[in-house]
Amino acid sequence: MKVLANDGLDQSGIDALTEKGFEVITTKVAQEFLVDYINEHNVRTLLVRSATQVRKDIIDHCPSLEIIGRGGVGMDNIDVEYAREKGIHVINTPSASSESVAELVFAHLFSGARFLQDSNRKMPLIGDTEFAGLKKAYAAGIELKGKTIGIIGMGRIGQEVAKIALGLGMRVIAADNNIGKASIKVKFYNNQFINVDIETEPLQDVLKHSDFITLHVPAQKEGYMIGKSEFEIMKDGVAVVNCSRGGVIDEEALIEALDSGKVRFAGLDVFINEPTPSKKILNHSKISLSPHTGASTLEAQDRIGLSLAEQISSILQIN
């Protein structure tokens, strides 16, 4: 029983599958050779992250496939419904990386609020000769406590963002077409907790009233969720973070908003042209950057591997 983890798999997942009698292959197979490889090795389970595309060609030409697994939440790189129509199980790990993504959101927020994305570039270059000038340049930082954060998309990740924000003393507002109210349970180290109910609002209200905006929505089938008209609605000096999918934000409109001062700073983990983001985006001094690493923590990868192993074993009825 062969499992091809084409985009890699944490050792905990490999060990769990191996113990059940699976042969786990972690060879990275190029997209154009994937069909031949699966058929040649009689692969029953294909595991991917965001890099490998699992479209109709693979589904139609790989009769041995019984399971397609996505290590993560979004499955826009898999033709999910088509695969299920063909009798293939499609699984993912929707909750395994929520905390990791939420923490990265705040890494970007703290970085932008205190100019770290720019000071970390300049301090090694001129910190020893222009220290006083840099100190003055970065003296107008802002605090998150007491500010309003607008969460667009109140699924698992959005709710984890809300927990951290509440812990920081922020006001939380949210927009989600599918969720009317989210009950947030904020747990503390000593087993105490608080429950906070957050009623979602129309998107325009969230855009209008937020000091910080973070997006947690699927890839857009057409158009942008945040474009020029949406930036115009926002407060002057707003900050925007996108750790969801590239193409949710119009990057050209974002640059215009940053250059005009409408947007104070942005944090981006995802980009329109991955894996070759725009040079304008990469070189902008007001953007905190990371290379699509929202779920890339040791803890998240461990949870993803174990979750996939458990689901595969259950589907194939391996005890």
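## A buried valine to start from

Val 48 counts as buried, because its relative accessibility is 2%, well inside the cut-off of under 20%. Please keep in mind as you read on that this is a predicted model.

Val 48 belongs to strand β3, which covers residues 43–48. Leaving aside residues up to four places away in sequence, Val 48 touches Asp 7, Val 54, Gly 69, Arg 70, Gly 71, Asn 77 and Ile 78.

## The overall fold

Stepping back to the whole protein, you will find 13 helices and 13 strands. The radius of gyration is 22 Å, while the globule rule gives 20 Å for 319 residues; the two values are close, so the protein is as compact as a globular protein of that length. Taken along the principal axes, the box filled by the C-alpha atoms is roughly 60 × 45 × 40 Å.

Among contacts with a separation of 6 or more, 61% are between residues 24 or more positions apart.

## Burial, surface and charge

Of the 319 residues, 48% are buried, and Val 48 is one of the residues that count as buried. The protein exposes about 16100 Å², and 49% of that area is supplied by carbon and sulfur atoms.

As for charge, there are 34 positive and 42 negative side chains. The centres of these two sets lie 6 Å apart.

## Backbone details worth a look

Asn 42 counts as partly exposed because its relative accessibility is 48%, which falls between the 20% and 50% cut-offs. His 292 is found in the loop between β13 (287–289) and α13 (298–315). With a relative accessible area of 26%, His 292 is partly exposed too.

The backbone also has a cis peptide bond, which joins Glu 274 and Pro 275 with an omega of about 5 degrees. To find Pro 275, go to the loop between β12 (263–268) and α12 (279–282).

Notes. Residues numbered from 1 in each chain as written. Predicted model: local features only at pLDDT ≥ 70, side-chain atom pairs only at ≥ 80, totals over all residues. Heavy atoms only, no water. Helix = DSSP H or I, 4+ residues; strand = E, 2+ residues; numbered from the N terminus. Rg over C-alpha atoms; globule rule 2.2 N^0.38 Å. Buried < 20%, exposed > 50% of the residue type's maximum accessible area, 1.4 Å probe, protein only. Contact = heavy atoms within 4.5 Å. Areas by Shrake-Rupley, 256 points an atom, 1.4 Å probe, with all protein chains shown as cover. Lys, Arg positive; Asp, Glu negative; His and termini not counted. Charge placed at Lys NZ, Arg CZ, Asp CG, Glu CD.
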